[in-house]
Amino acid sequence: MENSIRVCFVTNFMNHHQIGLCDTLNNEFGRGNFHVIVREQLPEAKRNLGYLEYENSREYIIREYKEPSKAISTMMASDVVIVSFSEGLKAIAPAVKANKY
(Lines give C-alpha, C1' and ligand atoms only; values in the text may rest on other atoms or scores of the structure.)
Protein backbone atom coordinates (compact mmCIF):
# COMPACT_ATOMS: atom_id res chain seq x y z
CA MET A 1 0.00 0.00 0.00
CA GLU A 2 1.45 3.33 -1.03
CA ASN A 3 1.74 6.14 1.49
CA SER A 4 -0.40 9.16 0.59
CA ILE A 5 0.90 11.63 3.18
CA ARG A 6 2.53 14.62 1.50
CA VAL A 7 5.57 15.97 3.32
CA CYS A 8 7.52 19.16 2.66
CA PHE A 9 10.95 19.93 4.18
CA VAL A 10 11.84 23.65 4.12
CA THR A 11 15.44 24.78 4.51
CA ASN A 12 17.56 27.80 3.68
CA PHE A 13 19.87 25.64 1.50
CA MET A 14 20.45 21.91 1.11
CA ASN A 15 23.62 20.53 2.66
CA HIS A 16 25.41 17.29 3.47
CA HIS A 17 23.82 17.18 6.93
CA GLN A 18 20.33 16.94 5.39
CA ILE A 19 20.65 15.07 2.10
CA GLY A 20 20.72 11.55 3.57
CA LEU A 21 17.60 12.21 5.65
CA CYS A 22 15.82 13.73 2.66
CA ASP A 23 16.74 10.82 0.39
CA THR A 24 15.34 8.44 3.01
CA LEU A 25 12.14 10.46 3.43
CA ASN A 26 11.71 10.57 -0.34
CA ASN A 27 12.05 6.79 -0.51
CA GLU A 28 9.66 6.33 2.42
CA PHE A 29 6.88 8.64 1.25
CA GLY A 30 7.32 7.98 -2.45
CA ARG A 31 7.88 10.04 -5.53
CA GLY A 32 5.68 13.11 -5.59
CA ASN A 33 4.78 12.87 -1.90
CA PHE A 34 8.01 14.37 -0.54
CA HIS A 35 9.58 17.69 -1.50
CA VAL A 36 12.36 19.89 -0.22
CA ILE A 37 12.06 23.63 -0.64
CA VAL A 38 15.37 25.47 -0.62
CA ARG A 39 14.99 29.18 -0.08
CA GLU A 40 18.38 30.39 -1.32
CA GLN A 41 21.42 29.31 -3.30
CA LEU A 42 24.33 27.78 -1.46
CA PRO A 43 26.30 30.73 -0.03
CA GLU A 44 29.78 31.28 -1.42
CA ALA A 45 31.25 30.97 2.10
CA LYS A 46 29.79 27.45 2.39
CA ARG A 47 31.08 26.54 -1.09
CA ASN A 48 34.53 27.67 0.02
CA LEU A 49 34.26 25.32 3.01
CA GLY A 50 33.67 22.41 0.64
CA TYR A 51 29.85 22.18 0.76
CA LEU A 52 28.37 20.63 -2.38
CA GLU A 53 25.44 22.01 -4.36
CA TYR A 54 22.52 19.60 -4.22
CA GLU A 55 19.78 21.82 -5.64
CA ASN A 56 19.95 20.29 -9.12
CA SER A 57 20.75 16.75 -8.04
CA ARG A 58 17.34 15.55 -6.81
CA GLU A 59 13.96 15.87 -8.50
CA TYR A 60 12.25 16.38 -5.13
CA ILE A 61 14.10 19.68 -4.56
CA ILE A 62 12.22 22.89 -5.38
CA ARG A 63 14.25 26.10 -5.52
CA GLU A 64 12.05 28.81 -4.04
CA TYR A 65 14.44 31.49 -5.25
CA LYS A 66 13.67 30.38 -8.84
CA GLU A 67 10.11 29.06 -8.50
CA PRO A 68 8.38 30.91 -5.64
CA SER A 69 4.83 30.04 -6.73
CA LYS A 70 5.65 26.34 -6.98
CA ALA A 71 7.27 26.43 -3.54
CA ILE A 72 4.24 28.06 -1.90
CA SER A 73 1.74 25.77 -3.63
CA THR A 74 3.79 22.72 -2.59
CA MET A 75 3.78 23.88 1.04
CA MET A 76 0.04 24.54 0.90
CA ALA A 77 -0.65 21.08 -0.56
CA SER A 78 1.47 19.29 2.06
CA ASP A 79 0.02 17.47 5.06
CA VAL A 80 3.23 17.99 7.03
CA VAL A 81 5.76 20.83 6.75
CA ILE A 82 9.15 20.38 8.46
CA VAL A 83 11.16 23.58 8.94
CA SER A 84 14.90 23.23 9.48
CA PHE A 85 16.19 26.75 10.04
CA SER A 86 15.58 29.66 12.37
CA GLU A 87 13.87 31.93 9.84
CA GLY A 88 11.55 29.11 8.88
CA LEU A 89 8.42 30.56 10.44
CA LYS A 90 8.46 33.31 7.83
CA ALA A 91 8.71 30.65 5.13
CA ILE A 92 5.66 28.73 6.29
CA ALA A 93 3.51 31.74 7.19
CA PRO A 94 1.15 31.22 4.22
CA ALA A 95 0.46 27.64 5.30
CA VAL A 96 -0.05 28.61 8.93
CA LYS A 97 -2.46 31.38 7.94
CA ALA A 98 -4.46 28.78 6.03
CA ASN A 99 -4.64 26.66 9.23
CA LYS A 100 -2.16 24.11 7.92
CA TYR A 101 0.51 23.51 10.52
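Start by selecting Glu44 and Arg47: they form a salt bridge, with the closest N and O atoms 2.8 Å apart. Keep in mind that this is a predicted model. Both residues sit in helix α2, and because they are three residues apart there, about one helical turn separates them.

Glu44 counts as partly exposed, at 47% relative accessibility. Arg47 is partly exposed as well, at 30%, and so is Glu53, at 39%.

How many salt bridges does the structure hold? Five. For another one, select Arg31 and Glu59, whose closest N and O atoms are 2.6 Å apart. This pair links distant parts of the chain: Arg31 is in the loop between α1 and β2, while Glu59 is in the loop between α2 and β3, 28 residues apart. Both Arg31 and Glu59 are exposed.

Next, switch to cartoon view and find the sheet. Four strands form an open, parallel sheet in the order β3-β2-β1-β4. Color β3 (61-63) and β4 (80-83): these stand at the edges with a single partner strand each, so one side of each has no neighbour in the sheet. Zoom in on β2 (residues 34-38), which pairs with β3 over three bridges; Val36 has Ile61 as its bridge partner in β3.

Last stop: the helices. Helix α1 (residues 19-29) lies across β1 and β2, while helix α3 (residues 68-77) lies across β1, β2, β3 and β4.

Note on methods
Residues numbered from 1 in each chain as written. Predicted model: local features only at pLDDT ≥ 70, side-chain atom pairs only at ≥ 80, totals over all residues. Heavy atoms only, no water. Pairing = 2+ DSSP bridges. Helix = DSSP H or I, 4+ residues; strand = E, 2+ residues; numbered from the N terminus. Contact = heavy atoms within 4.5 Å. Axes fitted to C-alpha atoms, helices over the stretch in contact; angles between N-to-C directions. Salt bridge = Lys/Arg side-chain N within 4 Å of Asp/Glu carboxyl O. Buried < 20%, exposed > 50% of the residue type's maximum accessible area, 1.4 Å probe, protein only.
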